[in-house]
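Subject: Structure for your review

Dear colleague,

Please find below the structure that I am handing over to you. I should be grateful if you would read the notes after it with the model open.

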Amino acid sequence: MNRRNVIILLLLTATITALSACTAEKPQTSQAKENVRHVPVLSVQKSNVPDLLEAVGTVRSDQTSVLASQMMGNILEIRAHEGDRVQRGAVLAVIDDSQPRAAMERARAAENAAKEELLAAESDLGLATTSLRRYQTLYEKGTISAQEFDQVKARQQAALAHRDWAQAELDQTKAAVAQAVTTLQYSQIRAPFDGIVTEKKADPGSLVSPGTPIFTLEDTRRYRLEVSVNESDLASVQIGRAAPVFVDALGNAEWKGKVVQIVPAADPGSRAFLVKIELPGDPRLYSGLYGRAQFRRGERQSLLIPRTALVERGQLHGVFVLDQNRVANLHYVTLGKLSGEEVEVLAGLQGGERLVAAPGDRELDGQQIEAEP
């Protein structure tokens with residue numbers, strides 16, 4: 001029994017010794033901070049940046065026309081559809097012209113009759129004028145009486161009046177023909193300028209009347225951005241001043257716009273003014289695109305960091321900030337506007353802090369950083 005108790009006591013002692021050794025080794029198993037060398041580090045400082053007013057709006061064509069019917073009739077043909085590019089004078093639609101054509105034929109018939117009437121009146125006037133000259137000679141010689149001479153003179157004046165009436169009648173018929181020709185031309189809807197059809201509002205067989213819209217045509221040579229500017233910011237906008245424009249759908253390229261008009265009436269609801277900015281010609285522009293314009297108000301102080309310093313965590317952005325022991329800690333930041341290769345930090349960072357300038361894909365959170373020489 002004593003021997004067995006000794007063995008058990010020895011086993012217990014060995015077990016306790018082993019457990020104590022494991023417990024003593026635990027602090028030694030914690031990993032030491034890794035020392036990462038040759039990392040670019042920068043110190044954040046406030047700097048003066050342009051104080052920009054950004055206004056959003058919509059791209060629109062400089063010239064847009066709604067082509068409507070100027071006569072009543074059924075549409076016989078539609079020769080253009082949405083997206084078609086058309087030239088000035090091109091026929092886009094044809095309306096039944098049977099009635100205006102008949103009116104034009106009647107007007108021309110009346111014109112021909114008036115011409116014949118004028119020819120007869122001029123012939124009568126010529127004969128009456130010749131007779132008057134002869135009777136004038138006879139009257140001066142005393143061959144005829146004054147009454148006979150007056151009768152011949154009255155006939156000449158009547159012939160003259162008839163000629164003048166026939167001339168006026170001919171002028172009226174010519175005007176009627178011109179009007180009939182114009183009305184007949186209304187049967188063809190033509191493009192008033194080079195452009196693109198953005199909307200077709202009628203189909204063949206539709207009955208249209210004067211004022212019925214058929215097409216919307218847009219001039220593709222010149223576009224503008226129309227933005228709303230609050231009345232408190234209107235002092236920053238001046239006609240003729242350059243205004244950088246960004247169209248998100250066309251990338252990050254900057255468009256050189258120019259303020260060409262400030263509508264001198266504020267919207268009663270928003271108290272905002274409509275500002276029109278001329279854009280350079282580009283075939284990629286279309287009406288309806290979303291755009292942003294910037295107007296400079298002065299300067300302000302801001303924290304700017306290179307875009308290479310940012311790390312993404314899902315939808316969040318952060319930077320690795322170094323503490324007093326040069327240990328990197330991930331700080332999430334709120335970003336503002338981009339400025340070339342730099343980005344503005346609105347929150348999450350303070351001036352004077354040091355951060356990793358280009359972490360890349362490395363996970364540096366909790367690592368000790370040695371800046372590159």
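Predicted model: local features only at pLDDT ≥ 70, side-chain atom pairs only at ≥ 80, totals over all residues.

Residues are numbered from 1 along each chain as its sequence is written, and side-chain values use heavy atoms, with hydrogens and water left out.

The protein has three helices and 22 strands; these are DSSP runs numbered from the N terminus (helices: H or I, at least four residues; strands: E, at least two). Of its 373 residues, 32% are buried (buried: under 20% relative accessible area; exposed: over 50%; partly exposed: in between; 1.4 Å probe, protein chains only). Among contacts with a separation of 6 or more, 74% join residues 24 or more positions apart (contact: heavy atoms within 4.5 Å).

Helix α2 has 44 residues, and its first and last C-alpha atoms lie 65 Å apart, close to the 64 Å expected at 1.5 Å a residue (expected span: 1.5 Å times one less than the number of residues). The 40 residues of α3 (residues 146-185) should span 58 Å, and the 59 Å between its end C-alpha atoms agrees with this. After α2 comes G142, which has a positive phi near 80 degrees.

The axes of α2 and α3 come within 7 Å and cross at roughly 160 degrees (axes: lines fitted to C-alpha atoms, for helices over the stretch in contact; angles: 0 to 180 degrees between N-to-C directions). The two helices are therefore roughly antiparallel (over 145 degrees; under 35 is roughly parallel, 65 to 115 roughly perpendicular and the rest oblique).

The buried residues of α2 pack against α3; they include M104, E111, L118 and L125. Those of α3 include F149, Q156, L170 and V177, and their cover includes α2 (98-141) and β8 (188-190).

Where is A90 placed? A90 sits in the loop between β6 (85-86) and β7 (91-95). With a relative accessible area of 27%, A90 is partly exposed. Leaving aside residues up to four places away in sequence, A90 touches I189, R190 and A191. The C-alpha atoms of A90 and F193 are 9.0 Å apart, although 103 residues separate the two along the chain.

Yours sincerely
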